[in-house]
Amino acid sequence: MAGRLDVLTAAEADLGEGDVLRLALLHAVAELGGLGGMAHLRRTWAAGSGLRLVASSGLPRSMTRAFANVPGDADTPPSRAAREGVPAWRPATVEGNALVAVPLPDPDGPLGTLAVVLPDAAGEPDRARLAMLAEVAEWAAGRIRRGCPAEDERDELAFARTSPGDAEGVRQALRAVRVGTWEWDIRTGLMTWTQPMLTLLGIGPESFDGRAETWMSLIHPDDLPTAMAEVDRVLRARDEGEFEYRLRRDDGSWVWVRARSRVIADEDGRAARMIGTLWDTTRAHSALEAVGRALRHMSDGFLAADGEGRVTFANRQAELLLGGGGASEAPRGPGEDELTGRSLWEVPAVARVPGLADRCRRAAAEGTPAEFDAPWPDRDHWLHLRLVPVPDGLALHVTDATERRRREAEREAAERAASGRAGRIGRLTAALAEALSSRDVVTAVAEHVMSPFDASAMIVSVVEEGDRLHVVHAIGYTPGFLRMIDRQPIESAPAIMTSFRDHSPQFLASPEEFLARYPGATTLVKRSGKRAWAFLPLIVSGRAIGSCVIAFDEPRRLNGEERTLLTAISGLLAQALERARLYDEEHHRAKELQRGLLPQKLPRLPAVTAAARYLPAERGGEVGGDWYDVIPLSADRVALVIGDVMGHGLSEAATMGRLRTAVHTLADLELPPDEILGHLNDIVSDLGDDFYATCLYAVYDPATRRCVFARAGHPPPAVVYPDGGVHFPDLDPNAPLGAATPPIDTGELRLPDGSLLVLYTDGLVESAVRDIDQGMAHLAGTLATAGEAARAAGGGRDGVGGGEELEALCDDLVTALLPSRQQTSDDAALLVARTHRLRQEDIASWPLPEDPVAAGEARDHVREQLERWQLEELTTTTELLASELVGNVIRHARGPIGLRLLRSRSLICEVSDGSHTSPHVRRAAETDEGGRGLQLVAALARRWGTRFTAEGKSIWTEQALPQQRPEDERAV
């Protein structure tokens, strides 16, 4: 081992770092019997840094590639030896071979390591072998600390190289990139510049004498302070450094260079030398200056700040926008910079923008670009700022966004206006879709147009009878003005005529403009009382059907957007109005049909006083199937009928008409209520499976005060007694007509004089928001309240009095049960009847024997009773009628026989028997002895007929009283 150290000691003094380390590796590998070796140096002189491979011996590149850069905290022998300062060994480290490493000692910490690859089978080296390796490392570290010639540093630049064959490649690279090397002996002050360095800088050998002072004199005065400060920093820290400055060429021009350096200490640890590289960066600076000039004169503002926020560059536009000026100021010259060198946070304009400084700091700290618009203080301007973090600070791009913001605001306003128009059109379209009648259409348009346009009046008219304007509906005009223009020729309204003829709207902003265009319209303008107008033609399928006039109380010139919107609205109005006119016509025909099918007026009868209401559904033009009737019967009895055919439409209305006709026919046959409903059930069943109806039929007898009724699926009647009590008779409703199964249940009531019978359909008491039980309870409460109010006011003997009171009661019931705000989809019918009894003194009855003498007794009773009633004028006729009827019973029927006279608005004569045979009028031959009695009865009586009862039948006749006036005749 001593011989090897002698050989190393005798090595040339001018060996460079690489040669020293390779020589040391050669002997270390030979002494330890290794396969090869590697030398590492720290990447920097700072403690704890990683290692870089600078030399190798005997090893292929494939084995050293993994050790080119070794982290300082790795678990490999080189990193452990450098970190801990002691030898380190580890088996199977390099492709299955062991690796032992020792530090290159230095007072400030290991400079690097020497490592030898050993066969793994050799085991861990003993102390003697480690000591030998440490001595070799000590020799190499000493040579490195004493320094190597500048020429070696020039050739290798202290870069890592793995084998002697790489040196030539490094030299070629140096020539290609025009890099020179230099050395500064700090103790003597002399500097050595290599020839490549002098050549690339264009400096002759005679211009540089090697003194540090001469080098400093070549540095540009503006760059000298920065260069000296960087040199001082590197010397104090004994660190690596890099800085850029300008050097003067021999021809007087300046060249930009970038220098990289590091300090080499002597044996005492003092800085002895500074070595480094230098290359020309003039081209890069020229490019940067070109970029700077372009940035300087660009139309957008550009500003750069360093890591501490100081402005390092600001072009003219940035100065203009941020340096206290405004968008209206003229650009300043190069000498007028206000930003460069200042702290960005202290720029007044930046400080006054809320949050701008915080955003700039946050973008720089987070390294995330950000952009936003900011209103500029004290000016009606907006700036757009884009913050871009860069490695050494922050770049700020500034543009004047005032015009863009204005355009955006205009676009947003236009979009809002368009959205408002679309919303208004949408709401109007929805309202028009729900409007049925022409009045509904005009009202919907008025609600959605007049207020938004601040209009005061609107009138919609259509052309009828060829050339006449008919006012459909108007708002804001006086009745006198409407009468003046309604049904007038279209020529009398020249503005309407023009828009009508040209199919284009007319907008007149003032009375003066109106009269200038239509001089003959002075009276029309004056009577209207308006000061501005929009005349909108209503066009449907290219055909003008009418006009819409929107008027204003003050002169008003509509802008283009308003005119466009009104024109669009007029198109919607025209379509809806045309549809509504068809509905109006259909609805009018439906109402006419409904009125024709219902009673035109109720008959005036002794037994009841009646009033009725029919209320069509709020929506839809189809007729309903609700009906009511009051039918006079024999003996002053009366039938009260109410019914409802399920569904709406012409077929339902026709069914209602057929049922009403059938009821009249069956009532003339004097059939009881249950049989009448049975026949009606057959009629409805024959119409088909889709037809059903409900019906309530009641018969009131004023002589007995009995009311017999039957109902098929219909709500029960309400009975209001004279004391105010309200009662709903409890009776099985049976199934509706069309589904009922006879026999039909009947009920019977005995009504005090002056009672009320209230018949109604389900549309009056039932709706989507109220079930039928709630509706009937409401009806009962309303009837009770109305009765109390009438009695308190003294109306009638028993509360509600005559016909006028009943009409008022009907109105009260409709108002309470069908308020105007509650729309219903079903028709409703209401029939209210007050009952009157026949006075006992107006009734006379006698039993007659079943014997031919009964005819004589009947004549005697008639004569005596008519004398008491002072109706002697009717005695002869009545005696003859009674005699013929009694005789007919004696011959063809059986007893018991009875005679009854009733005095009412007519004289009624009844003969009853116990037989159910029906008498018939027949034509008697000249030779027949009988058969002429009923012919005589039909000739003498105004009316006659047969009524069947539970005990048999009754044949009755009616005669007019002598004092009865024609207007008192009972309607049939």
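Trainee: What makes Cys548 count as buried?

Mentor: This is a predicted model, and every value I quote is computed from it. Cys548 has a relative accessibility of 2%. The limit for the term is under 20%, so Cys548 is classed as buried.

Trainee: How do you know that Cys810 is buried?

Mentor: The relative accessible area of Cys810 is 0%. Since the term requires a value under 20%, Cys810 qualifies as buried.

Trainee: How many disulfides does the structure hold?

Mentor: The count is 0. A disulfide would require a pair of cysteine sulfur atoms within 2.5 Å.

Trainee: Why is Thr76 called buried, and where does it lie?

Mentor: Thr76 has a relative accessibility of 19%. Buried means under 20%, so Thr76 is given that term. Thr76 belongs to the loop between strand S3 (69–70) and helix H4 (77–84). Leaving aside residues up to four places away in sequence, Thr76 touches Val70 and Arg90.

Trainee: Which residues of helix H14 are buried, and why are they said to be on the same side?

Mentor: The buried residues in H14 are Leu356, Ala357, Cys360 and Ala363. Around the axis they cover an arc of only 130 degrees, and therefore they lie on the same side of H14. On the other side of H14, Ala365 and Glu366 are exposed, a term that requires over 50% relative accessible area.

Trainee: What do the buried residues of H14 pack against?

Mentor: They pack against helix H13 (348–352) and against S14, S15 and S16. Just after H14, Gly367 has a positive phi of about 70 degrees.

Trainee: In what order do the strands of the open sheet follow one another?

Mentor: The sheet has 5 strands in the order S13-S12-S16-S15-S14, with antiparallel pairing.

Trainee: What makes strands S13 and S14 edge strands?

Mentor: Strand S13 (311–314) and strand S14 (370–375) each have a single partner strand, so one side of each has no neighbour in the sheet. On average, neighbouring strands of this sheet are turned by 20 degrees against each other, direction ignored.

Trainee: How do you know that S12 and S16 pair?

Mentor: Pairing requires at least two bridges between the strands. Strand S12 (residues 301–306) and strand S16 (residues 393–400) are joined in the antiparallel sense over 6 bridges, so by the definition of at least two they form a pair. As an example, Ala304 has Ala395 in S16 as its bridge partner. Helix H14 (residues 356–366) packs on the sheet, where it touches S14, strand S15 (382–390) and S16. The direction of H14 makes about 25 degrees with that of S15.

Trainee: Which residues are buried in helix H29, and why are they said to line one face?

Mentor: In H29 (residues 933–940), the buried residues are Gly933, Leu934 and Val937. Viewed down the axis of H29, they fall within an arc of 95 degrees, so they line one face of the helix. Their cover includes helix H28 (875–892), strand S36 (943–948) and strand S37 (953–960).

Trainee: What share of the whole protein counts as buried?

Mentor: The share is 50% of the 972 residues. The protein has 29 helices and 37 strands. It exposes about 45700 Å², of which carbon and sulfur atoms supply 51%.

Key. Residues are numbered from 1 along each chain as its sequence is written. This is a predicted model: local features need pLDDT of at least 70, side-chain atom pairs count only at pLDDT 80 or more; totals for chains, interfaces and linings use all residues. Side-chain values use heavy atoms; hydrogens and water are left out. Buried means under 20% relative accessible area, exposed over 50%, partly exposed in between (1.4 Å probe, protein chains only). Helices (H or I, at least four residues) and strands (E, at least two) are DSSP runs, numbered from the N terminus. The arc is that of the directions from the helix axis to the C-beta atoms. Contact means heavy atoms within 4.5 Å. Axes are lines fitted to C-alpha atoms, for helices over the stretch in contact, and angles run from 0 to 180 degrees between N-to-C directions. Accessible areas come from the Shrake-Rupley method with a 1.4 Å probe; for residues, only the protein chains shown count as cover.
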